[in-house]
Each structure stands twice: as structure tokens, then as C-alpha cells.
Amino acid sequence: MHEHNKIYPPNPEFAAQARIKSMDEYHALMNEAKEDYEGFWKKYADEKIDWLAPYDKVLDESDAPFYKWFTNGKLNVTIQCIDRHLKEKADQTAILFEGDRGDIEKISYQELSVKVNKFANLLKEKFGVKKGDRVVLYMPMIPEAAYAMLACARIGAIHSVVFGGFSAEALRDRIDDAGAKLVITADGAYRKGKPYLLKPVVDKALESGAESVEAVLVVERNRELIDWVEGRDHKYYELIEVMSPVCEPEMMDSEDPLFLLYTSGSTGKPKGVQHAQAGYILWAQMTMEWVFDIKEGDVYWCTADIGWITGHTYIVYGPLAAGTTTVMFEGVPTYPDAGRAWKMVEEHKISQFYTAPTAIRVLHTMGPDEPKKYDLSTLKVLGTVGEPIDPPAWIWYHDVVGGGRCAVVDTWWQTETGGHMISPLPGATPIKPSCATFPLPGIMAEILQRDGSPVETGETGLLCITKPWPSMIRTIWGDPERFKKSYFGDVVKDGKPVYFSGDGAMMDEDGYITITGRVDDVINVSGHRLGTAEIEAAVAEDEHIAEVAVVGKPHPIKGESIFIYVVPKEGHVNPDIKKHINTLIAQEIGNIAKADDIVEVPGLPKTRSGKIMRRILRAIAKGEEIKQDISTLEDPSIVGKIQEAVRQATQND
Ligand code: WTA
């Protein structure tokens with residue numbers, strides 16, 4: 001048997017103490033959900049959430065697909081994440097911060113409460129932030145980022161965290177779309193031993209629009225020299241000290257928005273994915289308990305950035321709701337060397353480690369034997385997220401990092417799902433490497449065709465969630481029509497539109513689900529979601545370019561890399577085209593969207609109706625033979641010309 005066809009049963013010792021101990025228990029839970037869907041969710045909502053006022057309906061489907069959960073219930077997620085823990089774990093570390101340079105700060109639940117309440121008062125008193133106002137965060141990975149998110153939640157403001165790798169233009173577009181009143185940032189932070197700056201990006205974003213912004217709050221992290229706009233810019237440490245440590249939590253409705261998080265789709269500008277309060281926090285906590293099996297005394301580390309959904313749900317909201325210790329790391333796992341992450345696991349006695357396949361591949365390549373130098377015996381569960389993980393990376397993670405003892409949970413989910421959807425349960429699921437295995441209890445995932453009929457076993461189909469779930473996206477900020485079209489427009493089952501994820505998936509004869517990747521025009525580079533349309537729009541800003549098409553190309557470390565075909569305008573020659581276009585992309589979107597390949601071609605393969613045949617472009621980028629019929633193209637000879645241009649470009653590289 002091939003190693004990656006092997007099935008890895010759960011570690012019996014771990015299973016014995018796990019919350020879900022066997023597949024029988026898993027099936028029992030799933031059957032409960034199937035028999036009485038609302039009853040299933042009611043049980044957990046009643047047991048897990050500290051309600052300020054009871055809800056009257058579990059699920060309201062009257063305005064589908066604008067589903068509502070736990071209607072008219074009142075709560076505040078910061079009570080769930082902080083206040084209710086103060087009785088028993090006031091002194092337990094809530095956030096364990098490690099800086100890039102190795103500086104460590106431990107913030108107890110009691111201290112977290114003080115920090116968040118003061119911050120909340122600052123937002124209210126100094127900046128007049130009110131319930132429903134939008135606050136944009138452009139922050140490094142420092143505890144103040146988490147305080148800021150929770151402070152917004154405390155007073156009912158809607159935060160929108162923008163990943164620190166996005167450019168000023170991208171930041172401004174998001175501020176404008178959200179209509180944010182305040183931007184919270186830092187002067188800068190540290191990466192790979194050196195200071196870098198963030199505030200200048202905010203300055204630049206505000207120069208060219210972002211009219212809604214009244215003030216900028218700057219957390220002093222590295223105290224590098226930055227420009228200052230008197231009256232607009234404010235120093236966090238100067239203001240925070242005098243704030244009262246008591247801020248009454250706002251009574252929030254279950255369905256009030258908690259946050260927006262912008263993500264890429266297959267068309268147009270980024271979408272502000274809107275999440276609600278009760279359903280989101282419920283599922284964040286439940287998945288921490290089921291998928292990571294969080295227990296008292298655990299130290300949990302997720303390496304994501306808070307600028308992504310993984311950072312929201314699995315660094316801040318989920319771990320704190322579960323009352324665990326969550327590690328926040330400012331640096332990168334390869335600095336000062338490939339042992340950094342493992343050294344941290346040893347020093348902090350990490351019990352659950354959650355990262356992206358790209359990081360695993362980098363660490364595997366850079367230091368395959370590095371984990372053996374450290375005591376990793378505290379690890380119990382290893383997680384991956386963001387992109388498909390290949391068997392060699394999975395097996396190394398399992399055997400070398402986990403010592404063959406830890407379950408590797410390959411968690412499939414999305415910004416829109418709020419939390420894990422398909423994942424092994426570490427104490428129950430016999431795992432096949434590189435396989436997300438089964439939907440979690442309560443999640444009705446199906447692999448369908450457009451007409452709602454199921455695909456055959458072993459065939460790739462569209463990954464859909466056929467029943468609403470509590471932590472689902474509520475709408476796209478300011479664009480409910482786009483919400484409907486993006487997620488409930490493609491697949492109709494039994495006359496009803498169902499949620500389509502944009503991913504393809506396959507089920508094997510044992511019912512295991514493998515994610516095959518996006519089926520729309522979204523590329524996944526190192527676990528970062530990028531829309532081809534956005535990159536094309538950035539490149540099209542160049543006045544010398546007539547046409548552009550962007551596709552993804554498989555990459556051994558990043559999963560996918562960006563491959564750009566450009567058609568220059570008649571007679572235009574630019575020997576530096578690659579550099580030039582990447583500069584443009586960095587400016588419009590950010591460094592994360594830079595292309596590995598940029599090839600000048602004489603034209604693009606188009607149908608007679610003018611549609612670009614991306615499938616052909618993807619195949620050429622991969623160096624594959626073109627098997628499909630090209631006679632329907634307007635100019636079939638273009639295919640050979642593009643292949644030749646790509647061949648030459650690769651030779652020159
Ligand atoms: C991909 C990240 C394979 C998928 C939480 C999805 C995955 C997109 C996995 C969402 C996985 C996420 N295996 N692919 N375990 N997890 N993806 O919104 O294509 O940043 O649609 O959320 O990442 O990316 P997003």
C-alpha cells in the first residue's frame with residue numbers, strides 16, 4: 001500500500017479523553033442534526049452562549065437566502081470571550097504574545113478585560129464611535145490588534161481588519177466601501193529582526209479619498225519616525241491610560257453585524273463579507289472544542305494573520321470563547337532559522353498547532369530534521385487550512401512534527417463560512433492524508449452538479465452546503481444582490497438555491513471528501529485568496545497594455561503562483577515589462593499579488609463571442625498539451641503562438 005493511501009486511525013489514548021471519541025459518536029451527532037436540525041442547534045446555543053436575553057426562533061428562513069439565527073436574542077461576544085471567564089480563570093493567560101525578536105508578553109483574562117474595556121471607552125469617548133459604526137484595523141500581529149477587535153465588539157462597532165500586506169490603494173478601497181469613521185493602525189512592527197512601517201500606508205490611503213475617516217489611532221509598536229497629521233492622528237499610549245477599565249457591554253442582537261472582512265471573488269472588487277454575532281461566536285467556540293479538542297491547560301497556537309478569517313475565528317474569537325490560551329506571534333516561522341516554530345512549541349508547551357500548507361512545505365524544505373531537535377511532546381493536534389495539502393507535506397507533518405502521535409486535521413472552510421465545515425475529528429476520524437474527510441456534525445455538505453443532482457463517487461463536483469448554518473455569511477456589505485448572485489446563484493437543489501462555495505470536491509467510495517480547489521476564477525497563493533479579475537484590473541491600469549489574462553499555475557511551495565499573459569498595444573516594446581507590471585500590482589493590491597510569470601503574447605485565445613478561454617491559458621501555463629477542441633476559437637492559430645512565447649520566456653528566465 002502506498003503511504004498516502006494509508007488510513008491513520010485516531011490515537012487511542014487521545015480518543016479516550018476526546019470530546020467526540022468515535023465515528024459512532026460522530027454519526028449519532030450527525031443523525032441528531034438530520035432528524036431535528038433546529039433542535040440540534042438549539043441545544044448548543046442554550047448550553048454554550050451566555051445570553052443577555054433569550055432568542056425566540058432558532059432559524060428564520062422566511063427571507064432566504066438572508067437566513068437569521070437565534071432571532072431577537074441578546075448577547076455580547078466579549079462576555080463570551082472575556083467576562084464569563086473571570087470567575088474561574090482571571091489569572092490564566094488569555095493571550096501569549098511572542099514578538100519577532102523573542103520578546104514575550106502574557107496577558108491574563110483579567111488583564112485582557114481591562115485592556116478591552118479601556119480601549120472600548122477610548123473608542124466611545126475620544127472618537128465618538130457608536131454601535132453600527134465601522135472601524136478599519138490595519139495592524140501588525142500584536143495584542144493591541146486583538147484588543148481593538150474586541151473593543152469594537154464590546155460597544156457594537158463593526159470592525160473590518162485589512163491585512164497589513166495590502167497596499168494603500170487596496171486599503172483605501174476597503175475603507176471607502178465600509179465607510180469607516182476611524183482607522184486603527186501601528187507605527188510599524190518587526191519582521192525578520194528589522195522594523196518595518198505601516199502608518200505611511202494609511203497616510204497614503206487617506207490622501208486619495210477615504211473621506212469618511214475622521215481620525216487615525218496609532219499604536220506605538222516600534223517607535224520609528226513617522227509623519228504625523230495634527231488633529232487627525234492620535235497616540236494610543238497617550239490616551240489609553242486615563243480611560244476607565246469598566247465599559248458596559250452593548251446589548252447586541254443575535255443578527256447585528258459583528259465584523260466585515262473583505263475577500264476576493266471571481267468578479268469585480270473585493271466583497272465585504274458580513275458576519276453576525278450569535279451564530280458566529282457559537283460555531284467558533286464549538287469548532288475549537290470539537291476540531292482542536294481544547295481542554296483546560298492547553299496552549300493553542302494558530303500562525304495565521306488577524307487580517308484573514310483564520311486569524312479572526314481561530315486566534316481571537318474561537319480560542320477566547322473557549323477560554324484557552326491563544327498564542328499570537330509577530331514574526332515568521334523561518335526567522336532566525338527553520339527551527340523558530342518548533343522552539344516556540346517547546347518553550348510555550350503548545351498543545352495544538354494550526355498553520356497553512358505553504359508554511360509546512362517551507363519548513364519541510366528548509367529543515368526536514370529541525371523538529372527532532374526540540375521537545376514537541378506537548379503537541380496533541382496539528383491543523384492545516386487555506387489550501388490543499390499534498391501527501392508528502394501531510395506525512396512529514398504527521399510523522400516528524402507530530403511524532404506519529406498527533407491527529408492532523410485538514411480543515412476546509414472559507415471566509416464566508418465563519419468556521420470549519422469539513423474536517424477530521426482528532427479523536428474519532430480515521431484519517432486519509434490530504435483529505436478533509438467528513439462534514440462536521442450539523443453541517444450538510446454535498447457535492448452536486450449545477451442542477452442539484454449528486455455527482456458519482458470519484459467524480460469532481462461543486463462543493464455545496466445545502467442547509468444554512470449559524471456562522472454563515474449574512475450578506476455582502478452594501479450589496480445584497482451580489483451576495484445572492486455570488487453564493488446562491490449557481491446550484492439549485494429541489495427548487496431551492498443552495499450555498500455554493502466556489503470549490504470543487506470529490507467523494508471516494510468510503511465517503512471521504514477531498515477538496516480539489518477553486519472552480520471559479522479565484523487563485524490561492526500561499527493560502528491567500530486572490531481574484532484574477534482584480535489582478536487583471538490592476539494590470540490594465542498600464543496604458544501600454546491592450547489585453548491581459550491572469551491564471552494560476554501549480555507551484556511546489558505556494559500551492560499556486562500567478563501567471564500573467566499580456567498583449568501590448570501595437571508597436572509597444574518594454575524590456576522591463578515584468579518588473580513594471582509587478583510594481584503596478586504591488587501598488588494597486590499589494591506584494592502578495594505579484595506574479596511569478598509575465599509573458600507577452602500576440603493575442604489571447606477567444607471564442608467567436610469574445611470570451612477568453614482560460615482553460616487553454618491554464619494548460620499552457622502548466623506546460624500541458626492542449627487536448628480540447630480549439631476549432632471554435634476565433635483564431636485557432638493563436639494557441640501555437642502563445643505556446644511559443646511561453647517557451648521562449650521560460651528559456652530566458
Ligand atoms: C481554500 C480560509 C483545500 C478553498 C479559511 C476555499 C482549502 C478557500 C482548505 C477559502 C483546505 C481552505 N483544503 N482548500 N483544507 N481550506 N481552502 O476565504 O479554496 O481565505 O474556498 O478562508 O481556501 O479561503 P479563505
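**Helix H8 and the chain around it**

Mentor: This is a predicted model. Start with helix H8, residues 168-178. Its buried residues are Ala 168, Ala 170, Leu 171, Arg 172, Arg 174, Ile 175 and Ala 178.

Trainee: What makes a residue "buried"?

Mentor: Its relative accessible area is under 20%. Leu 171 and Ile 175 of H8 are listed as buried, so each falls under that cut-off.

Trainee: What covers the buried residues of H8?

Mentor: Several elements do. Among them are strand S6 (134-138), strand S8 (182-186) and strand S14 (257-263). The cover also includes helices H9 (199-207), H17 (532-539) and H18 (577-588).

Trainee: What happens to phi just after H8?

Mentor: Gly 179 follows, with a positive phi of about 65°.

Trainee: Now the protein chain. How many helices and strands does its secondary structure have?

Mentor: There are 20 helices and 31 strands.

Trainee: How do you know that the radius of gyration agrees with a compact globule?

Mentor: Set the value against the rule. A compact globule of 653 residues would have a radius of gyration near 26 Å. The protein chain has 24 Å, so the two agree. The C-alpha trace spans about 75 × 65 × 60 Å along its principal axes.

Trainee: What share of the protein chain is buried?

Mentor: Buried residues make up 60% of the 653. Under 20% relative accessible area is the test, so 60% of the residues pass it.

Trainee: How far apart are the mean positions of the positive and negative charges?

Mentor: They are 1 Å apart, for 73 positive and 98 negative charges.

Technical notes
Residues are numbered from 1 along each chain as its sequence is written. This is a predicted model: local features need pLDDT of at least 70, side-chain atom pairs count only at pLDDT 80 or more; totals for chains, interfaces and linings use all residues. Side-chain values use heavy atoms; hydrogens and water are left out. Buried means under 20% relative accessible area, exposed over 50%, partly exposed in between (1.4 Å probe, protein chains only). Helices (H or I, at least four residues) and strands (E, at least two) are DSSP runs, numbered from the N terminus. Contact means heavy atoms within 4.5 Å. The radius of gyration is taken over C-alpha atoms; the globule rule is 2.2 Å times the number of residues to the power 0.38. Lys and Arg count as positive and Asp and Glu as negative; His and the chain ends are not counted. The place of a charge is taken as NZ of Lys, CZ of Arg, CG of Asp or CD of Glu.
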